Every structure is written in C-alpha cells, then in structure tokens.
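Work through the exercises below with the sequence and the coordinates open. Each task is followed by its solution.

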Amino acid sequence: MTRRFCKLFEAHPVVTLVLLCAFVRTATSVTHYSIPEEMEEGSVVANLASDLGLDVRTLVKRKMRIDVVANKKYLDINKNTGELFVLERIDRELLLCNSKTTTYCSLKLDATIENPIRMFNIEVEIADINDNAPYFRRGTMHLDISESSPLGERFSLNNAVDPDVGLNSVQNYHLSSSQHFDIEIQTGRDGTKFADLILSQKLDREQRAVHHLILTAVDGGVPTRSGTASIVVRVLDVNDNAPSFDKDKYLVKVMENSPIGSLVIHLNATDVDEGSNSELLYSYSLYTSERTQHVFGLNRENGEVRVKEMINYEELQAYEMEVIVSDKGLNSLSGQCKVTVQVVDMNDNHPEISIKSFQSPVKEDVAIDTVIAVVSVSDKDSGDNGVVDLHVPKNMPFKLRESSDNYYKLVVSQPLDREKVPEYDITFTVRDRGSPPLSDNETMTLQLLDVNDNVPQFPQSSYTIRVMENNAPGALLSSLSAFDPDLHENQYLVYFIVEKEVANTSMSMLFSINPENGNLYALKTFDYEMEKEFFFHIEARDSGSPPLSSNVSVRILVVDQNDNAPVIVSPWRAHGSLVEEKIPRSTEKGSLVAKVIALDGDSVHNSRISYQFLQVSDASLFSLDQYNGEIRTARMFSYKDWRHHRLVIAAKDNGQPPLSATVTIKLSTVETAVKAYSDMSEVPLEYDIFSDLNLYLVIGLGSVSFLLLITILVTIVLKCQKVKPSIAVPNGRNSVLSERNSTLADSTLVSNDAYWYSMFLAETRKGKLVVRQPAPKGSRYFVSSIPRSSGMSETSGSAPSTLQYPK
C-alpha cells in the first residue's frame, strides 16, 4: 500500500495529496459489529458493502479486500454479495482477551477499495459464550491437620480457574457432605472466587485417620458448567492413648527341661496411636523377683518371654512376673499385666535297648520259629513314663515273643528268599508311655546265605534261528544265555546240546555250543536244497549240589540263497547250446515255433524264471512269452523273409543277484507244395509262369521237399526208439533219474502215488531230475513238458515220457 502511494505521489503529487486528505477523513469513521465466539465457518456477520454505501457490482472491479490488524484473518468479504463472513472459527480465549480487568474483546479490520482508493475502519466485537468449564490446576489437594486442631480453624484451598469472563467464570463452590468440614466462599479484589476449608467438628485419628472430600467449582453461564478437585485430609496423630494388653493376667504352662531360648509367651500390647506414639517397650516391674528374671528373659522390643536357664520342676513349680509396657511418645503413657508360669513335670528319661545275642548270617531256608536274636529293654522313669513297649517293622518276616519281664525273642515268622531280599535291616523301636512318649531304636543287619533253590531260566521258551545257506563253518548263530538268580557255584551255568540223531546224523556234528556263555555255532555249511530246518534242545545246568537244569527248544531254519542257475531242459540239445529246428513257411500267425523250459533248484522267488530274447534275426516275425517260454510267429512268412533265423533266448531267475542260462535256436523254414502254390499269388501277373527257369525250380523244390520229408520221418523213428527203454532208478538218496531231455525238474508229473510224486519232484541238479528216496518197485511216472505255471494240460506236438522203476 505504501509503495503504491509513493509511486502515485511521484507521478501526480497534487492529485495524490487531495486523495490522501479524503482517505484520512474516511478512515476516522469506524464501522462496529458484535458477534459471539465459536460461530460456524461461513456464517455472515453483516452486509459490509451496504453498510459502507458501496455498489456491490463494483466490488470486484475496484478490488475490495479486508486486511486484519495484529491478528489472524478470521473474517473476509464476499465480493459478489458484499457480505462480511466468518472465514475461520474464532475462539475468544485464544485472542488474549481474557483479562480480568475488562470483558471487552474485539478484532480490528481495514477494508480497502481502489479507483479511487478508499479505506474503512471496521471493529468486530467478540462476545464471550460459556464454552469452558471451571478446572483446578491441581486435581488433588493434600492437607495435614492435627487431631488436636481447634474448631473453626481455616485451611486455604486452591481456587478454580475459568477462561471465560463475567458470569461465565467461576461464581460458587460446593463441598461434599462431611461432619467435620465446611467451606466459606471468598472474593478477591479482581473478582476471583476462592474457598476456605473450616474445621467444624473435633477430629479423632483413631476413629478416622483420612478424610476424602470433593470440592466443586460452578460458573454462572447458561447452562452452567463445573469442575471438581479431590481433597485428602490426613489427620496427624497426638499421643492421647495409653498402650494396653489383651488380658490383665496370663497363665502359662512350661515343661521342665525346656531348651534355652524356647518361647514361653508372647505378650502382645497395642496402642491405637501411630508413629512414635505407638512404638512400645516392655520391661519387668520392681515386683518381679531376681530369680524369675534370671530364669526368664523379656524382649524389650516385641514382648517375648523366653527361657534363659534350665527349668527344674523339683526346684520350683511356679513363677510370677509383672510386665510394664510404655510407648515412645513425648509424654509417654504405659500399661501393665501379671504373668504366672507353671512348670509341668515331663518324661525326661529315654528307654534303652540291649541286644543280648544275635545270629547272622543264616541260610535262606531257615525254619520258621528259629530264634534270631534276644533283646532286653529298660527305662529309669517310673509310672507310665517307665512302662515301655518294643516293636519291629510289620512288613518283615519276623516277630517278637516276650520271654520274661523286659526280655524278648526275635523269631522267623515267614519263609525267607534270598533272591527277593538278600538282607534285612531290622530296627528295634522302644517307646515309653509317658506324655509325651520318649523312644529309642537300634538297627541290626541280617544277611541270608544262598541255597541252590532256583533252576536256570531262559528268556524265551523256544528260539527260531535263521541261517543263510552256504554259511561259513564256525559262524556264530545266536547267543542262548540263561539266568540263574542264585549265587556263586549255584549260579555258574554249563550249556549242552541234547543229542538227537536225524538221518543217522548227530546234532553235535552239525552244531556246537560254548559251555560257558551259550553261544551257538554252525560246524558245517548248510545247503537249503538238502536240508531246510533242524530241531533240537539246549540244556543249561548250574553247578550247585544237587545241580538244577532246564532246557529250551531250538529251531534252525536254513534260508535259501540264489546259488543255482536256471537249467534249460527243453528244447533238448545234443551238443553245445545250439538247437536246430525246422518250420514250414506256410505256418500261420500265432503258431507255436518252439518252447523253452528252464528249471531252477532254488526256492520261492529265487526259482521264478522269466524268458527274453537276447538276439533275434527278425523281431517282427517272432514273439516270446516271458512267463512260459513259448516262441510263436507274430505274422505269416513272406517270400521276402530269410530262410534261416537265429534266436538266442535267456532264462533268468528272480534272485539277487539274478542267474541265467541261454539257448540258441537255429530255425530254418522249409517249402511245401501247398506253400509253393500259395506263393504264386505274390508273382506279378505279367510274369511267365511256365518259363523254363520256373519249371526247373519247381522240379528242384519238389525233390528237396521229398528228401526233407524222408529225413523228418527217419528222425522221428530214431527218437521214439531212444525213449522207449525204461529208465532204472538206482536205490539211493540223490539218484539221477533221466538222460537228455527227460530231465524236466519243473515239469508236471502224473502219478497214482501222490507221496512219491512229491518226492520225485524234490530237486533238480544241473539239469537232471533227482529223487530223494527210492520209489516203490513197479511205480510208473509220466513226465510231460508242461510248466506248472502255464495251466495247460498238454503241450502241442509233445508226448509225455514214461519213467518206470524196475520191479
């Protein structure tokens, strides 16, 4: 504003001076408004443009504005309507207008317009509203008032403050209901209201030590507002109460020979005062004898009376004392009581035990009623104090028998067992019948000697031991240790194998046992295919007299090991592993070409055999069943297929690691007339069937086919002649039963005698069928090359072989 006047004065000094004079005349008049505090933002105070005589339409053009003098800008003007409105909520107490000397508070504003420049003084009075409640600067006031304070004594209280002014400030005080206190309202020179607390009734700390009051300040607004403060009055003590005992006279009984320092009585005096006025001191009065003071000591601080010297009933039966108690107040007060102590005679002689004889150790099989010890008891007291009783623990196999006055015998009442309890600590307890009773005890130890009365015991009633075949001779199989609860030689055990012959073989030749610790060893290598289990007994015998023994059954199970490779028994091979077979080229799809049969001397999974091609000339032409070994054509032969095929088949068992055997089949296809005729369909139509070359070829093929047919017939006749002779099986355990392809260890046998049939199938050794025992003379067995797993009753193209024992 100043800069604008300076620029205008430099340009037009005369015009500026005239305008300035007009501005000063206008500024001297003040427009006054009055509003309450806390008006909402946007509230309209007045239409300032109308009050100043200004055209509302020119306010924007003349740039009318409001400037605040020495305050925040709480008000502003709407240039469109000319209204003066509240820009920000006004709190009178924040405008520093809360002076107690005046209640007037206002905001000074300057309204300025241009073209021409004019300035207006505006004063807005802010009227107070009751928006503040009275409050105390200290929420709790503490007062210490002596219980001896006179009535009417005044005590100043903190006054409440209220930011509001006039009637909206603090106008009155109220005190909560109290019998002992009132308040009186005072007014200060500045109009401030405050209250004094006045004692209206005598205080007694012993009745009530603390008084809690509530002071409430109330303003004069509408509605009224209030604030509260707590007044805590602590009543100070005065020594106005003398200490006193619970009783005037006390009667106490004390046992003679009471230990020094034991408590006789605890005198408990009380004083309702507090502080030093309630701290007490105890003392004997002059009427208490020196003898009493020597025997009993009095604690000055807590009033405990304790024994200082040994009390003897025979010397004095009663003591009397007078005790005074005083407080530590400035004007000390005191009280007194009388104490009578009566001495009670006591049982002060302990009973005694004397063991006259004692026998230890004794054998555990000692007879019942055997005397173990003789005991005597005594007591120097008389009457009931001299009557004694002797006891031993009830949970022991012993009891007492009185033999004469104060003499007792300790005898055996139950059988003894050293293995359950090796020794007894027997405690003799003697107790008199005094009040209270006195007792004494004596303990002696009775040891028991061992007797051989327990047989050795194995942890198990039987043992099953598994051993892998092909074991090393001397290998440890198991430890069969028994236990004997006896001692010394009655506990020393020796182990034996109870002899049992199996097939003329003694168990001691197969197994051995360490006689000292029961370790069981194998003396030979076992073969699962020969023997599968052994059964015998082990005996444990102690070294007592007489010795006692027990035995346990032992079952040895030989576990199969994959130690036998499969043996191919079909097709039969005369030399080496090469087999030659012929098949017509006209064979249909799915026809059986050959059947591979392999046998394994092992058992369970080790004998499960599967078949697979290792080599095949044409994989699309042949298929192999991995379970039954059948080789079949996968399709029909064509003129493009080779005439000679080489098949290598492997038979592998299921053991770990697996073992296998192989066979090579050289398969040749032969032409037949029918086949030759059928093959003509494959010749192109334009081909000359009756050419000279074809004619010669037909003649040659016919000759070869005729010769092949003659060869096949001769071979069949020779084979039948070789099979016809019966095979004599010699008497013996492991006889070889067949030759060539009559050894079919995994073939199906048909026999009228099921028992010999099972014996016949017992084992296979290196491709030969072996029987364990000779069959009855004249028995006949039919062996068919049909695996048991195939489910077939007969193999196509094969006939069962006949095996017959000689008569």
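The exercises that follow concern a predicted model.

**Exercise 1.** Determine whether N239 is buried or exposed, and describe its surroundings.

Solution. 
- Locate the residue: N239 sits in the loop between β16 (226-236) and β17 (244-245).
- Apply the cut-off: buried means under 20% relative accessible area. N239 has 16% relative accessibility, so it counts as buried.
- List the contacts: leaving out residues up to four places away in sequence, N239 touches D273, N277, D327, G329, L330, N331, S332 and L333.

**Exercise 2.** Give the strand order of the open sheet of four strands, and state which strands are at its edges.

Solution. 
- The order is β34-β42-β41-β36, and the pairing is mixed.
- β34 (462-468) and β36 (493-498) are the edge strands, as each pairs on one side only.
- On average, neighbouring strands of this sheet are turned by 30° against each other, direction ignored.
- Between β34 and β42 (residues 549-559) there are seven bridges in the parallel sense. R466 has L557 in β42 as its bridge partner.

**Exercise 3.** Describe the backbone at N115 and P116.

Solution. 
- N115 is in the loop between β6 and β7, and P116 is placed in the loop between β6 (106-113) and β7 (118-127).
- The peptide bond joining N115 and P116 is cis, with omega about -5°.
- N115 is not a glycine, yet its phi is positive, at about 55°.
- Exposed means over 50% relative accessible area; N115 has 60% and is therefore exposed.

Methods: Residues numbered from 1 in each chain as written. Predicted model: local features only at pLDDT ≥ 70, side-chain atom pairs only at ≥ 80, totals over all residues. Heavy atoms only, no water. Helix = DSSP H or I, 4+ residues; strand = E, 2+ residues; numbered from the N terminus. Buried < 20%, exposed > 50% of the residue type's maximum accessible area, 1.4 Å probe, protein only. Contact = heavy atoms within 4.5 Å. Pairing = 2+ DSSP bridges. Axes fitted to C-alpha atoms, helices over the stretch in contact; angles between N-to-C directions.
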